[in-house]
Amino acid sequence: FFFPQVLLLACAEDLECVPGFQQKVFYIEKPFEFREDRLILNLKFDDCQGNNKLNFEVSNPDFRVELDGNLVALKNVSEVGRALFVHARSEHAEDMAEIFILEANEKRGALKEILKLEGNLGIPRQKRAILATPILIPENQRPPFPRLVGKVIRSEGTEGVKFRLSGKGVDQDPKGIFRINEMNGDVSVTRTLDREAIANYELEVEVVDMNGKTLDGPVRLDVLVIDQNDNRPMFKEGPYVGHVMEGSATGTTVMRMVAFDADDASTDNALLRYNILRQTPTKPSPNMFYIDPEKGDIVTVVSPALLDRETMESPKYELVIEAKDMGGMDVGLTGTATATILIDDKNDHAPEFTKKEFQATVKEGVTGVIVNLTVGDRDDPATGAWRAVYSIINGNPGQSFEIHTNPQTNEGMLSVVKPLDYEISAFHTLLIKVENEDPLIPDITYGPSSTATVQITVEDVNEGPVFHPNPMAVTKQENIPVGSVVLTVNATDPDTLQHQTIRYSVYKDPAGWLEINPTNGTVGTTAVLDRESPFVHNNVYTALFLAIDSGNPPATGTGTLHITLEDVNDNVPSLYPTLAKVCDDAKDLRVVVLGASDKDLHPNTDPFKFELSKQSGPEKLWRINRLNNTHAQVILLQNLKKANYNIPISVTDSGKPPLTNTTELRLQVCTCKKSKMDCSASDALHISLTLILLSLLSLLCKSFA
């Protein structure tokens, strides 16, 4: 329903024809649903000159106004909003009508509120002196500019007042797009608009007196830019690559193509439809794929048998996809993109050896690759359906062979990993199986061609003699007599079918202590074995010997001998330190702590016995106290005058028999003042008690003579 009383407010009071809608504001009750093609109301527009080239535009694309003014829905619509705006234009006039949609509970009081507006044609329930209905302007209008696009009405008249317009597009960036006639409220646009840049403008209009004082407003004035189809669809998310497994069922979805259109998404200007323009290659069918025109989903349309990667000219297809707006109509704009579809391989072909039997020859004692086994596989070389995995299923009880895949050629590299012995077996037969990394599909199996035989011939070579055992170990006491027998080595020739003799020689003897009988391998000493020698490490002396057969050319084997040397007490202990200093007025007469060491091993070392040589003279000047098994302390019995003293000290080890070493400890008695020690005078005196005693004895002997 609508309220005809509004006509009294919307039309001029005189009988002259006023161009535009004869009723500008309507109020209708919102139904449960606007039904398709059902009349909603009739809008009467008259430009007073015959309505030539009359055109209606509705703010909601789900509605249209027919040439006779009937407003209908294009489809069943349940959600519309609070208002519809209808813009009409002919050769001589244009105008805007407002249709307000009321809820059922708003119906009863609506007419009463409208009649209170006192000529205001705006939204009901709000008393205003300014009517600023939304302005609809098509984008991309051509000059001339400025162009009249709307009008603001003041119900109380315009005498002595001015209209003022503000907001984005007027006095805010982008400035100067809109302006208003201060005297009559005509709104003009000054340039071409682009909806994709700015879709609407929210302006404010107010009425001021001649001094600029606001009388009415501000009131919001909406300017809506009507979309035109001026943007082509664009594919922005490329590259577009899809994959589909070979043999997939008809209708399998491969990928989705989605284009973007900058035009108004609520209009046909951005309603896209998709189409395949070209397929490359065109075999085995020129129509391998189909694209859903609305969703953009690409699906397969050929039978699984045709989707066979191994029989295709190429496993890669390129589709040129077109997106067209205006719902795909001929007048729509288009954009294209290329979709690349890769046919992925599945393991539907078993690998097969290129021949049933392979031959290989290898010399005994040699390791490494001996033969490459070749296979063929029709699957994709870049996948596990092509990559081969080899295994030895028979003929390798000693694990002497291994087989690995060459990643570049897919060949099986058969290797000897444990040296073969001609004397044990001159021939080997292996059974090799090949499979794929990926399992075969259920209806495919590995056949006889997936196994092959490898015949291996071992060639005899002259092998070097082998020492038994190797290394050899023996324990001897150091210092055994020169010419003593250490041991007799034993080497045998692996070439049992060749009757060869063996001779021995010394290969490495770091200290030059050993010799070997070239015929029977007896090792003897040519010098004293010294456990303390720098050539001995951790009591072990190591030497190398050669065993050389009589082959042509001769072959050589190397044997290692470890001699563990037992210690004997053949080193005297040594004393440290041999120099000490003390102040002549020292209160602490403990002069020095002495230590002893011995190159021998226990029990031929500590505990050590420390002793002073016999002291001459009426008084004893020092003594020595044992601290532990390896250390003793020299103590003065009284302060001495500044001088140098030599104290003979003997150290005895615990060997059987024990060994003794006598060492003189040089003691410097110095003058100490203010924490400084002066030993210069004592250095010059060089007094030795031993020398003094010897001199006195010499003088006494001469006097008695």
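Let me begin with one side chain, that of Asp 209, which reaches the backbone nitrogen of Lys 213 at 2.8 Å; a polar contact here is a pair of N or O atoms within 3.5 Å, where within protein one must be able to donate a hydrogen and the other to accept it, and residues adjacent in sequence count only if both atoms are side-chain atoms. Please keep in mind that this is a predicted model, in which local features need pLDDT of at least 70 and side-chain atom pairs count only at pLDDT 80 or more, while totals for chains, interfaces and linings use all residues. Residues are numbered from 1 along each chain as its sequence is written, and side-chain values use heavy atoms, with hydrogens and water left out.

Asp 209 lies in strand S17, residues 200–209, strands being DSSP runs of E of at least two residues, numbered from the N terminus. Asp 209 is buried but has no salt bridge, and the nearest side chain of opposite charge, Lys 213, is 5.9 Å away. Buried means under 20% relative accessible area, with a 1.4 Å probe and protein chains only, and a salt bridge needs a side-chain nitrogen of Lys or Arg within 4 Å of a carboxyl oxygen of Asp or Glu. Setting aside residues up to four places away in sequence, Asp 209 touches Gly 160, Lys 162 and Leu 215, where contact means heavy atoms within 4.5 Å.

Beyond four places in sequence, the contacts of Asp 348 include Glu 246, Asp 308, Glu 310 and Asp 379.

Now to the sheets, where two strands pair if DSSP finds at least two bridges between them. S22 pairs with strand S23 (residues 297–300) over three bridges, and the bridge partner of Tyr 290 in S23 is Val 299.

Another open sheet of three strands runs S28-S32-S31, also with antiparallel pairing. S28 and strand S32 (residues 412–416) pair over five bridges, with Val 369 opposite Ser 415 in S32.

Terms used
Helix = DSSP H or I, 4+ residues; strand = E, 2+ residues; numbered from the N terminus. Buried < 20%, exposed > 50% of the residue type's maximum accessible area, 1.4 Å probe, protein only. Lys, Arg positive; Asp, Glu negative; His and termini not counted.
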